Amino acid sequence: MKRLGTAILGICLLLSSTAFSQSRGIFTINAGQMNPKDTKSGMIVGAVMSRSVDDAVDIGLGIDVFHKAYSDETQVAEETAEGLKTSQTATLVDYTRTIIPINVVLNVKIPMGRYFGYFIRGSMGYSYLISKEKNYELQTSETRKYGGLGWRGGGGMYYQVGRRSTLFGEAFFNSNEVSRDVGDKDIGLPVTEHVDLSGLGFRLGVSLVLR
């Protein structure tokens, strides 16, 4: 899996290298919320370094970081005394999950005026998941590492606030399933564990023209 991830990153760099030979550089930073299927929703921040192909299209390489810590709890008791209802919960597992997608990003603008318009954005690449889990019931702690290919599509509106700066808001869908090999079972067949990170999200950001 590590070799596959390295190969994918190499392809991403190769695909984006032609864009980096263009004249105008664009640096984008963003932050928002993402709701992966197999984990709790959390904050995602990212950055993209790209180059313009023309006035409407730019392509580059982006990296995001999603981080979320949460607990799996269950109700263990409920009591009612003198009109006061109380309940007790127990923590079964603590999770700390970090997702790091690295993608080639293509952005297409659709101007509606001199300063504002719409855009669509697509990306493909490789995602890493680092999952730290503490199981209080079994008294175990483990860090699991996953990886897998994925893509993301989205769109939104932009507004040019200065000669070199543009604000934008975007809604997106992330399609990504990561996995790890967990060894062989008694029947001798390889077993793989999967985590589905697909889900909707939104983010706000700013793009800066470097030159």
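## Close-up views: charges, rings and a loop

**Figure 1. Arg152 counts as buried, at 5% relative accessibility.** Here, buried means under 20% relative accessible area, exposed means over 50%, and partly exposed lies in between (1.4 Å probe, protein chains only). This is a predicted model, in which local features need pLDDT of at least 70 and side-chain atom pairs count only at pLDDT 80 or more, while totals for chains, interfaces and linings use all residues. Residues are numbered from 1 along each chain as its sequence is written, and side-chain values use heavy atoms, leaving out hydrogens and water. Arg152 and Asp64 form a salt bridge (a side-chain nitrogen of Lys or Arg within 4 Å of a carboxyl oxygen of Asp or Glu), and their closest N and O atoms are 2.8 Å apart. Because Arg152 belongs to strand E6 (residues 140–160) and Asp64 to strand E3 (residues 57–81), the pair ties together parts that are 88 residues apart in sequence.

**Figure 2. Arg144 takes part in salt bridges with Glu133 and Glu142.** In the salt bridge of Glu133 with Arg144, the closest N and O atoms are 3.6 Å apart. For the salt bridge of Arg144 with Glu142, the corresponding separation is 3.4 Å. Both Glu133 and Arg144 are buried, whereas Glu142 counts as partly exposed at 36% relative accessibility. Follow the shared partners and you will find one network of salt bridges joining Arg97, Glu133, Glu142, Arg144, Arg180 and Glu193. The structure holds 10 salt bridges.

**Figure 3. Phe119 and Phe168 form an edge-to-face aromatic pair.** Their ring centres are 5.8 Å apart, with 85° between the planes. Rings of Phe, Tyr and Trp (its six-membered ring) pair if their centres lie within 6.5 Å; planes under 30 degrees apart count as stacked, over 60 as edge-to-face and the rest as tilted. Phe119 lies in strand E5 (residues 116–135) and Phe168 in strand E7 (residues 165–184), so the pair ties together parts that are 49 residues apart in sequence. Phe119 is buried at a relative accessible area of 3%, as is Phe168 at 7%. There are four aromatic pairs in the structure.

**Figure 4. Lys109 places its charged end over the ring of Tyr158.** The distance to the ring centre is 5.3 Å. A charge sits over a ring if NZ of Lys or CZ of Arg is within 6 Å of the ring centre and within 35 degrees of the ring normal. Look also for Arg203, which lies over the face of Phe172 at 4.9 Å from the ring centre.

**Figure 5. Arg24 lies in the loop between helix H1 (2–17) and strand E1 (25–34).** Helices (H or I, at least four residues) and strands (E, at least two) are DSSP runs numbered from the N terminus. Arg24 is partly exposed, with a relative accessible area of 26%. Its C-alpha atom is separated by 5.7 Å from that of Arg51, although these residues are 27 residues apart along the chain. With residues up to four places away in sequence not counted, Arg24 touches Ser50, Arg51, Ser52, Asp54, Asp55, Val209 and Arg211; contact means heavy atoms within 4.5 Å.
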